[in-house]
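Please look over the structure shown here before reading the briefing that follows.

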Amino acid sequence: MKEDTPLEHGQWQVEDDDDLLSNPSQRPDIHDVMAARLSRRGFLKASAAAAVGAGLTGTLPGWEPAGANAAAATSLTFKELSHGLDDKLHLSEGYRAQVLMRWGDPVTSDAPQFDPQNQTPASQGGQFGYNCDYIGYIPLDPHGPTASTHGLLIVNHEYSTVQMMFPGSPEPQALTKAQVDTAMLAMGQSIIEVKRGDDRKWSVVADSKYARRITPKTEMVIRGPAAGHPRMRTSFAPNGRRAFGTFGNCAGGTTPWGTIITSEENIQYYFKGDIEKNPEAANYKRMGLGRYGASRSSEWGRVHPRFNLDSEPLSANHSGWMVEIDPLDPKSLPRKRTALGRFKHEGAGVWINPDGRVVVYMGDDQRFEYVYRFVSHARWFPNHRSANRDILDHGTLSVAVFKDDGTVQWMPLVYGKGPLTQENGFTSQADVVIEARRAADLLGATPMDRPEDVEVNPVTGTVFVMLTKNKKRTEVNAPNPRTKNTYGQIVEMVAPNGDHGAETFKWSFLLMAGDPKDPKHGARFHPDTTDNGWFMAPDNCTFDNKGRLWIATDGSERFGFADGLWACDVVGPGRALTRHFMRTPKGAELTGPCFTPDNTTLFCSIQHPAEGSSFDKPDHRWPDFDPALPPRPSIVAIDTTALLKDDK
Ligand code: FEO
Ligand code: CA
Ligand code: CA
């Protein structure tokens, strides 16, 4: 989700609330009583120790004088794109993007064509939603020749921007009930079947049996430690085991058994009510609920009692989870996996440990929040899909404590262990997962500069954390070494001997984002990074199957260039030599980058094009440029076969 969108463009903006702090330990009023975590000098020492300790490439990029030239150092030889800002999508020379699915395109076989002047709940409920984000690709025949040419795409629709969606560009308070519902049904997920033809063009398979919309109204099952707990019981789910809908879905992860787990991130906008009188007041405040006036609310609570906490006080406990969806079984109910904790989930990096346990890395994207890890109790069955069906219900959730000596300690969030006892208000594991943030506070978790995507490199098995930025930081710690950090950084974590269940990892920096030529930024890239190769605000990421990192950004426009995609090696002489591959049309953010298994296609979401303008007066009309059509969030497919040919 876009951050820092200027409010003068309209008070309606549903931006994320990262300027507001939910972590009480980080409020300025108690800064005085907190010991300074680490001096700048201490950081440099810690970083060097971390780099050496991790045994990676020996030096942190930029900490040493330039050695190699760019052409020789990097394995990526696509022609670099320049920074820029206009109403088009731009790619490295020789690459083309095909627009595959746009907001309003029919998903289900009974859905009508897009009619921007007359969208209704019924039409939107069957059409591609708004603000596409995470993309998961599930091959229909994973071991066959069509694995990378025929599959399902599962796409998150993170939020609706109502002024961009309806004629008259209404304020949220002015929305009719039908418009509130239309905007609501533009969220959730789209599942589409896609196929690449002999002409190498992708198309959506019409009348696919897999085609499905999942929305904030879809029935779901609550699983794991919180299922059935009194704190989960509502009038619409008296047994605490059913929920309705998922929303605020940002990034996600794909499991090796062919499901996706989707995050619930900025849930706080969707509930109305007097938090102070709520029995869950402390819990809800820690999740950032109750801060939003009418201008930033989505108005769901005005129309639907289950989003009004005065009438349905516990319903917000149904949100803030990871949700597993089985796209191969169109009748299956999505399952909220409460064992993975409740916070503002960004996404999930899924990894199979050498012993067969399933490991999920997750970020909590708000200022001063934490990095988490889940390790399943059971081992997965590679050839028995249904045996893995509920493997994510049982396991150990831990939170990361980053030490100055270059180690990471994983602290388990287990009821009865350490401070997670009745004395501190925890009476079961359900309490621990419902209030995962507070449990993590008590365990001394390291407050980070907004953890967005966390992904595991398929080649090296090391874990990369995108820390997008944190302009409110006044006190540094080892992995977050800059105050007023408007640029972000990328941290790498290394499991000892590849054991991702271990208690202690090592960590180091991959890079510090910002302009390396401006000393005030404190940026650190490979010394040969060009004027187009640097970026700021890393957000989503993915790896190609050579283990190279592809980084999407969210927040470059303040520096006069568009967000987009950069790529780099993470090992060898090209480590952190990032190169610019693609940039979005003005106002947009690039999200959900996803390669097919053979890397010949890269799918990306173009989220919120022309954001900051309005339906009536859009900044531009990407991708159709038709005066009758508004700008439309869309997913694109890029033929990356050439990438495989020209790289080394
Ligand atoms: Fe939805 Fe953290 O971005
Ligand atoms: Ca972001
Ligand atoms: Ca994001």
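**A sheet and its charged partners**

Glutamate 324 stands opposite arginine 335, which belongs to strand β13. The model is a predicted one, and the points below are grouped by topic.

- Strands β12 (residues 322-325) and β13 (residues 335-337) run antiparallel and are joined by three bridges.
- They belong to an open sheet of six strands with mixed pairing, in the order β9-β8-β13-β12-β11-β10.
- Because β9 (242-244) and β10 (252-254) stand at the edges with a single partner strand each, one side of each is left without a neighbour in the sheet.

**Salt bridges**
- Glu324 and Arg335 are also part of a network of salt bridges, whose other members are Arg223, Arg337, Arg389, Asp390 and Asp393.
- A search of the whole structure finds 41 salt bridges, among them one between the side chains of aspartate 86 and arginine 583, at 3.6 Å from N to O.
- Aspartate 86 lies in the loop between α3 and β1 and arginine 583 in strand β26, so this pair ties together parts that are 497 residues apart in sequence.
- Aspartate 86 is partly exposed, with a relative accessible area of 26%, whereas arginine 583 is buried at 7%.

**Nonpolar cores**
- The largest nonpolar core has 31 residues, of which Phe247, Tyr270, Phe271, Leu289, Trp300 and Leu309 touch the most other members.
- Leaving aside neighbours within four places in sequence, tryptophan 300 is in contact with Val180, Met184, Met187, Pro216, Phe247, Tyr270 and Phe307.
- A second, separate core of 28 residues includes Ile261, Val350, Val358 and Phe374.

Methods. Residues numbered from 1 in each chain as written. Chains lettered and ligands numbered in written order. Predicted model: local features only at pLDDT ≥ 70, side-chain atom pairs only at ≥ 80, totals over all residues. Heavy atoms only, no water. Pairing = 2+ DSSP bridges. Helix = DSSP H or I, 4+ residues; strand = E, 2+ residues; numbered from the N terminus. Core = buried A, V, L, I, M, F, W, Y, C linked by side-chain atoms within 4.5 Å. Buried < 20%, exposed > 50% of the residue type's maximum accessible area, 1.4 Å probe, protein only. Contact = heavy atoms within 4.5 Å. Salt bridge = Lys/Arg side-chain N within 4 Å of Asp/Glu carboxyl O.
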